[in-house]
Every structure is written in C-alpha cells, then in structure tokens.
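Hi,

Here is the structure I promised to pass on. My notes follow below it.

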Amino acid sequence: MLTLTRTESDNPDFIELVRLLNADLAERNGEDNVFYGQFNTITKIKYVVVGYEEGVPVGCGAMKEFAPTTLEIKRIYTLPESRGMGVATRILAELEQWATAFRYKTCVLETGKRQPEAIALYEKNGYNRIPNYGQYAGVDNSICFEKVLHP
C-alpha cells in the first residue's frame with residue numbers, strides 16, 4: 001500500500017529520487033538539459049511529498065511559491081518499476097491538498113515535450129495548457145500547465 005510523507009527537500013529519499021529523475025531527464029533532453037537544470041535545484045524546498053511502497057521510496061514531488069496565490073509543482077517522479085499504479089497521481093493530489101490548506105488558488109508547472117507520460121499525467125489530473133511562463137517563455141521544448149484549485 002502506498003503511503004505518502006510530507007517532508008522537505010533535505011529528505012535523503014527525495015534527494016535520491018531526484019538524482020534518478022535528473023539522470024532520466026538528461027537522457028531525454030540531451031544538450032537542452034543544461035538549460036533546465038538551473039531551474040530544478042532542490043535546496044530549501046519546504047513542500048515535498050515522498051511516496052513509499054512497503055517502506056521503499058517509489059516516487060516524489062515538490063512545490064514552491066511562484067506568486068502570492070500560486071505554487072509551482074516541481075520534481076514529480078516515479079520509479080520506472082512503479083509506474084502505471086497511480087503513484088504520481090496520488091503525489092500530485094497530496095501536493096494540491098497541501099496547497100489548498102495554505103490557501104493557494106492555482107498551481108502551475110512546466111514539463112518537456114519529450115515527456116509524454118508527464119503530459120498525460122497532468123492532463124488526466126485537470127491541468128490545462130497555458131502559454132509558457134517566466135524562464136520557459138519562448139522555449140520550444142517546454143509545455144506549461146495550470147490548474148485552479150478548489151478548496
């Protein structure tokens with residue numbers, strides 16, 4: 001059974017899962033990965049969720065403030081052998097519940113065109129495509145999403 005733990009970015013299981021995520025993204029993104037890496041540091045993130053299956057970390061996600069009423073979803077990842085079991089959906093829902101508890105109104109996120117699983121995850125969970133924001137404006141490989149949260 002999947003259990004979710006709210007924590008911070010200094011959690012060793014989160015750090016290891018992000019290391020695996022970064023390796024996956026480096027393979028998918030090739031030379032573009034250097035650009036994205038600068039926006040994906042995990043130091044001092046206060047809102048992190050790690051998913052455990054029988055005590056083993058199998059997935060993670062995080063969020064940080066983007067604007068006064070908006071949080072940005074970051075670092076969603078599920079181990080390859082745990083995909084297709086709803087881990088990422090549960091982690092995303094937990095992050096959204098946490099955001100709502102802090103009275104945030106929306107969540108935004110960026111993913112890459114070379115990540116079809118991520119695109120499908122966000123669309124399935126009610127995220128709508130928006131124009132690329134901030135540092136992703138004009139970046140051809142980026143796709144940005146937004147979801148209005150309901151308390």
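This is a predicted model. I start with a hairpin. Strands β2 and β3 form it, with two residues between them. One turn residue, Glu54, has a positive phi of about 55°. The two strands, β2 (residues 47–53) and β3 (residues 56–67), run antiparallel and are joined by seven bridges. Glu53 sits opposite Val56 in β3.

β3 also pairs with β4. Here too the strands make a hairpin with two residues between them. β4 covers residues 70–78, runs antiparallel to β3 and is joined to β3 by seven bridges. Across this pair, Cys60 faces Tyr77 in β4.

Next, the core. The largest nonpolar core has 39 residues. Met63, Ile73, Ile76, Leu95, Tyr122 and Tyr127 touch the most other members. At least two residues each come from α1 (12–29), β2, β3, β4, α3 (87–101), β5 (106–112), α4 (116–124) and β7 (142–148). α3 gives the most, with seven residues.

What does Met63 touch, leaving out residues up to four places away in sequence? The list is Ile45, Tyr47, Leu71, Glu72, Ile73, Lys74, Leu95, Trp98 and Ala99.

Over to you.

Best wishes

Conventions
Residues numbered from 1 in each chain as written. Predicted model: local features only at pLDDT ≥ 70, side-chain atom pairs only at ≥ 80, totals over all residues. Heavy atoms only, no water. Pairing = 2+ DSSP bridges. Helix = DSSP H or I, 4+ residues; strand = E, 2+ residues; numbered from the N terminus. Core = buried A, V, L, I, M, F, W, Y, C linked by side-chain atoms within 4.5 Å. Buried < 20%, exposed > 50% of the residue type's maximum accessible area, 1.4 Å probe, protein only. Contact = heavy atoms within 4.5 Å.
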